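Dear colleague,

Please find the structure below. My notes on its salt bridges follow.

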Amino acid sequence: MINIIGLGNGPEDISLGGYRKLKEGAFTVVRTNLSETFALVERENLAHVTLDELYRSSRSFDTLNRKLAARVRAYEREHGEVNYLVDGSGYDDSSCQLLLAGRGEVRVFAAAAKACLLYTSDAADERSSVD
């Protein structure tokens, strides 16, 4: 079983369902520790592994996403249940789309999509203001 847990756009964006699933203690895989959302993992002191090394060994984003999905599947075979933490909603991540299209049980605990930033930033407020 793979639980894709969307972390949204910042450390406070995780859904309540995603947070509860995370706290159950399944083996936790973090796509990268190089984003703002990783602060949640640090704050909660979660045991985890990251997949940052796959970025360095991939020549394209297609290759990267295939490697990410394959590694998460390998952890699933090894540990049974895996929580896969990604930025955004969980649905907007290409490696997650590969996992959802594959075999096996995959559940998504969605958070705010990355596109939500377009509508919540100060710049969006300025663009939408009426004179």
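Which side chain meets that of Glu-12 in a salt bridge? The partner is Arg-43, with an N to O distance of 2.7 Å. A salt bridge here is a side-chain nitrogen of Lys or Arg within 4 Å of a carboxyl oxygen of Asp or Glu. Glu-12 lies in the loop between β1 (2–6) and α1 (16–23) and Arg-43 in helix α2 (residues 38–43), so the pair ties together parts that are 31 residues apart in sequence. Helices (H or I, at least four residues) and strands (E, at least two) are DSSP runs, numbered from the N terminus.

Please note that this is a predicted model, in which local features need pLDDT of at least 70 and side-chain atom pairs count only at pLDDT 80 or more, while totals for chains, interfaces and linings use all residues. Residues are numbered from 1 along each chain as its sequence is written, and side-chain values use heavy atoms, with hydrogens and water left out.

Glu-12 is exposed, at 61% relative accessibility, whereas Arg-43 is partly exposed, at 45%. Buried means under 20% relative accessible area, exposed over 50%, and partly exposed in between (1.4 Å probe, protein chains only). Glu-12 and Arg-43 also belong to a network of salt bridges with Lys-23 and Glu-44.

Within helix α4, Glu-76 and Arg-73 are 3 residues apart, about one helical turn. These two residues form a salt bridge, their closest N and O atoms being 3.1 Å apart. Glu-76 is buried, with a relative accessible area of 14%, and Arg-73 is buried at 15%.

In total, the structure holds 8 salt bridges.

Yours sincerely
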